[in-house]
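Have the structure open as you read.

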Amino acid sequence: MTSTVRSPKTLLPAAVSAALLTALTGCGGGTDAHALPSAKSPKDVQKFITEAGLPCTDLSNDPLGAPGAPAEGFISPTYHGYEPQNLKEETKADAAKWSVKEGAACGKDNSDAGGWVIYLTKDMKTFQQAYRDDVRKSVRDGESDPTLRRGTYLVGADFTVDPTASLQNNPLLQTDLRVLNCYPDLKVPSGYSVQPALVDGCVLTNYVPE
């Protein structure tokens, strides 16, 4: 997995949350705390995606052959098929870093909507921290990938969805999933929802910058 941008417990204390929202949203967005959807299996997430009117066929935990999966693969700690040894070692390390207990992908290769990588997390805060650390490192290194500003993952309470196509105008933005955004200079305009993530310096929002 390319862990950067192609990588639940209690929320932050009230005082910290208020300061974080002021810093990240400017005078535009407002808080919109709500219950995030939960899932027990990748099939539950597959159903969630299809009910939003999106293709999510051929669900597979094969990181090298799942339809719609990115070329670099994805974290798949439950896959028991053939993998080169280095891929097994990388998967084990990534699963620990990102607290992923199960990964899968779905979507047709020829679909305009692309595919979907699904992760069930052991600990969502650990996943969010790993994402924040990678985003901040990429910003410090001067990288200009637009997904740094837009975000990569749509998150629920205990799962994430990584659309391999653009997040902009994605129908999943109209659901109760939220984009995990850890970009330091993010400003959320008025009219969009925004609430603290589980780690300092990140928010959950339905806003995707241009």
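Q: How many disulfides does the structure hold?
A: This is a predicted model, and the structure holds 2 disulfides.

Q: What makes Cys56 and Cys106 a disulfide?
A: The sulfur atoms are 1.8 Å apart, and the cut-off is within 2.5 Å, so the pair qualifies as a disulfide.

Q: Why is the link of Cys56 and Cys106 called left-handed?
A: The angle about its S-S bond is -80 degrees, and the link is left-handed.

Q: Which parts of the chain does the pair of Cys56 and Cys106 tie together?
A: Cys56 sits in the loop between H3 and helix H4 (85-98), while Cys106 belongs to strand E2 (residues 100-106), so the bond ties together parts that are 50 residues apart in sequence.

Q: How do you know whether Cys56 is buried or exposed?
A: Buried means under 20% relative accessible area. Cys56 has 3% relative accessibility, so Cys56 counts as buried. Cys106, with a relative accessible area of 0%, is buried too.

Q: What makes Cys182 and Cys202 a disulfide?
A: Here the S to S distance is 2.0 Å, which is again within 2.5 Å. With 110 degrees about the S-S bond, this link is right-handed. Cys182 lies in the loop between strand E6 (178-181) and strand E7 (193-196), and Cys202 in the loop between E7 and strand E8 (203-205), so parts that are 20 residues apart in sequence are tied together. Both Cys182 and Cys202 are buried.

Q: What is the pairing when the bonded cysteines are numbered in sequence order?
A: The pairing is 1-2, 3-4.

Now to the aromatic rings.

Q: Why is the pair of Phe48 and Phe159 called edge-to-face?
A: The ring centres are 6.2 Å apart, and rings pair if their centres lie within 6.5 Å.

Q: Why is Phe48 called partly exposed?
A: Its relative accessible area is 22%. Partly exposed runs between the buried limit of 20% and the exposed limit of 50%, so Phe48 gets that label. Phe159 has a relative accessible area of 1%, so Phe159 is buried.

Q: Which residues form one aromatic cluster?
A: The cluster is formed by Trp98, Tyr119, Phe127, Tyr131 and Tyr153.

Next, a helix and a loop.

Q: How do you know that the buried residues of H4 are on the same side?
A: The buried residues are Leu87, Thr91, Asp94, Ala95 and Trp98. They cover an arc of only 100 degrees around the axis, so they are on the same side of H4. The face turned away from that buried side carries the exposed residues Lys92 and Ala96.

Q: What makes the backbone nitrogens of Lys125 and Thr126 polar contacts of Asp123?
A: From a polar atom of the Asp123 side chain, the Lys125 nitrogen lies 3.3 Å away and the Thr126 nitrogen 2.8 Å away; the limit is within 3.5 Å. Asp123 is found in the loop between strand E3 (116-121) and helix H5 (124-140), and its relative accessible area of 16% makes it buried.

Key:
Residues numbered from 1 in each chain as written. Predicted model: local features only at pLDDT ≥ 70, side-chain atom pairs only at ≥ 80, totals over all residues. Heavy atoms only, no water. Phe/Tyr/Trp six-rings, centres within 6.5 Å; stacked < 30°, edge-to-face > 60°. Buried < 20%, exposed > 50% of the residue type's maximum accessible area, 1.4 Å probe, protein only. Helix = DSSP H or I, 4+ residues; strand = E, 2+ residues; numbered from the N terminus. Polar contact = N/O pair within 3.5 Å; in protein donor to acceptor, adjacent residues only side chain to side chain. Arc of directions from axis to C-beta.
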